Amino acid sequence: MSKLKLSIPQQIEYLKNKGITFTKVDENSAINFLTYNSYFFKLKSYSKNYEKKPNGKYINLDFVYLQELSTLDMHFRRFTLRLTLDLEHMLKTKILRDFNQNTRCDGYIIVNEFLAKYPKLKEHLESFNFTGYTAKDNILKKYNLNLAIWNFIEIIEFGHFINFCEFYYDKYSDSIYNEIKGLLWSIKCLRNSSAHNNCLLHKLRPLEHKYFKRNIKITQLLKENIIMSQKTIERKMQIPTIHDFIISLLAYKQISSSQKMGRAFNKDLHNLINIRFRKNEKYFEKNPLIISNYTFLRKVIIFLKKS
């Protein structure tokens, strides 16, 4: 059944009827926030991190907590987008570095072989409609399908690039790639969610195994190095956002080769996790779900920094 359109004052009344309080922020400020800073559907999604009474009303949930979660999500999403874009760049740099040192690969044959394996991608590139101003336009207009690895990876989407990495390294094995190949699809999921401005912190509860399969190898690594019960670690790694973020941090650590870039990255990570996330930590004192997830994530980051 379709839901009724609500004015913003009516949205406030709806939230109040759901047990959401306005003791830490007045209703006029809440109306202003929902008018100019965010919107009802998105803000309401963060309430999934709170428990309800039998009558359906939320427990210990003030509007300002939703407001803060939406702000934290914005900062987190900006960081994860930067993280995953950096990872994509590092992977492209790595495959071209490996190719340049590979005397058995001319750069053209492998692209033709890859396109033969993925005919739908080949068909897409052959029938591509030029708009005239993108890098993809310029490359395809100049080379058509006479593509080499160095310009091919510039015009394919990240999912196709992951497939191409797998295709290349199946032919020319590499120990570093073998370590990270099981991590790449998690990076893609986090990248896509961040780039599409999706909520990331709206549902911090474990998903059932039939809906989400965690990385067993990385979960075991954490079990061996994080002081926390194994069952708790398993549950935390069943939360897609936390799982994919940890996977991306681990991949960054494994393939980053620039010390200067690494220092800047660690500084920004510290500012996010230890400063911005804790700025209004008192808001979440009565929410064990949020506290336990933050504690787990911080322990993992400390472990990664020390290892």
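**Salt bridges and their surroundings**

Glu13, Lys16 and Glu27 are linked in a network of salt bridges, a salt bridge being a side-chain nitrogen of Lys or Arg within 4 Å of a carboxyl oxygen of Asp or Glu. The model is predicted, with local features needing pLDDT of at least 70 and side-chain atom pairs counting only at pLDDT 80 or more, while totals for chains, interfaces and linings use all residues. Residues are numbered from 1 along each chain as its sequence is written, and side-chain values use heavy atoms, with hydrogens and water left out.

Over the whole structure, the search finds 16 salt bridges. Two of them can be followed along helix 4. Helices here are DSSP runs (H or I, at least four residues), numbered from the N terminus, as are strands (E, at least two).

In one of these pairs, the side chains of Asp73 and Arg77 meet with 3.4 Å from N to O. The two residues are four apart in helix 4, so about one helical turn separates them. Both Arg77 and Asp73 are buried; the word means under 20% relative accessible area, whereas exposed means over 50% and partly exposed lies in between (1.4 Å probe, protein chains only).

In the other pair, Arg82 and Asp86 form a salt bridge at 3.1 Å, N to O. Again the spacing is four residues in helix 4, which means about one helical turn between Asp86 and Arg82. Asp86 has a relative accessible area of 17% and is therefore buried. Arg82, at 26%, is partly exposed.

A further salt bridge joins the side chains of Lys217 and Glu179, with an N to O distance of 3.8 Å. This pair links distant parts of the chain, as Lys217 lies in helix 12 (residues 216-225) and Glu179 in helix 10 (residues 175-180), 38 residues apart. Lys217 is exposed because its relative accessible area is 54%. Glu179 has 44%, so this residue counts as partly exposed.

Back in helix 4, which covers residues 63-100, there is also Leu96. Its relative accessibility is 21%, so Leu96 counts as partly exposed. Leaving aside neighbours within four places in sequence, Leu96 is in contact (heavy atoms within 4.5 Å) with Ile149, Trp150 and Ile153. Between Leu96 and Trp150, the C-alpha atoms are separated by 6.8 Å, although the two residues are 54 apart along the chain.
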